[in-house]
Amino acid sequence: MATTEAGGAAWARATGPAGLQLPGIVLGVGLGGFVDGILLHQLLQWHHMLTSTNHDRIGVKYYSPHTVSGLEMNTVWDGIFHAVCWIAVLTGLAILYARVTHNRRAVWTSRVLWGWILAGWGLFNLVEGLLDHQILGIHHVHGGPQQAWWDTGFLVLGGLFLIGGYLLQSSDRPFDPTTPRGAERTGDST
């Protein structure tokens with residue numbers, strides 16, 4: 001039994017503490033989705049979830065956003081999209097709360113957390129842009145003759161967010177959310 005405990009302790013030291021990467025990325029995916037849905041779907045009304053299904057690559061029925069019934073169906077799918085974003089944010093917050101046992105206030109000012117959130121937003125843009133805009137073709141950032149440029153810009157922005165988030169989080173000292181206040185400066189984790 002002592003061997004198992006020693007092996008477990010060695011594994012824990014090798015893998016490090018459960019950090020801020022996963023909760024930051026999950027929060028970033030959810031928050032990036034909310035920005036997309038609120039800004040592009042609702043405020044600017046450039047697209048909804050199914051506005052390009054008349055030219056999609058998978059055969060989804062077309063729901064024109066210019067008819068009441070089409071707008072109703074697009075609104076339902078926008079709502080499903082927002083529900084997934086909401087679940088991502090709640091999940092990210094739950095993981096963050098479970099992992100941060102000390103310095104809960106300090107974690108919100110940590111460049112590590114905000115870097116991973118920005119990287120998660122970039123990941124959202126890349127996955128959503130590749131899947132929905134390119135592969136499935138169910139909608140585009142801004143449909144019309146310039147839609148390829150808008151879709152490319154969305155992907156480039158996602159890449160910049162991903163790289164910028166990674167650089168931001170790596171510009172701060174590692175943040176151990178399980179270390180009591182002050183102990184992280186001295187290296188004492190008790």
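The model is predicted, so local features need pLDDT of at least 70 and side-chain atom pairs count only at pLDDT 80 or more, while totals for chains, interfaces and linings use all residues. Residues are numbered from 1 along each chain as its sequence is written, and side-chain values use heavy atoms, with hydrogens and water left out.

**Aromatic pairs**

- The count comes to 5 aromatic pairs, where rings of Phe, Tyr and Trp (its six-membered ring) pair if their centres lie within 6.5 Å, with planes under 30 degrees apart called stacked, over 60 edge-to-face and the rest tilted.
- Trp46 and Trp150 form an edge-to-face pair, because their ring centres are 4.6 Å apart and their planes stand at 65 degrees.
- Trp46 belongs to the loop between helix H2 (21–43) and helix H3 (68–99) and Trp150 to helix H6 (residues 147–170), so this pair ties together parts 104 residues apart in sequence; helices are DSSP runs (H or I, at least four residues) numbered from the N terminus.
- Trp121 and Phe161 make a tilted pair, 4.7 Å centre to centre with 55 degrees between the planes.
- Since Trp121 lies in helix H5 (residues 111–135) and Phe161 in helix H6, the pair ties together parts that are 40 residues apart in sequence.

**Accessibility of the paired residues**

- Trp46 is partly exposed at 26% relative accessible area, as is Trp150 at 36%, where buried means under 20%, exposed over 50% and partly exposed in between (1.4 Å probe, protein chains only).
- Trp121 is partly exposed at 27%, whereas Phe161 counts as buried at 18%.

**Charge over a ring**

- The charged end of Arg104 sits over the ring of Tyr97, 4.2 Å from its centre, the rule being NZ of Lys or CZ of Arg within 6 Å of the ring centre and within 35 degrees of the ring normal.

Notes. Helices (H or I, at least four residues) and strands (E, at least two) are DSSP runs, numbered from the N terminus.
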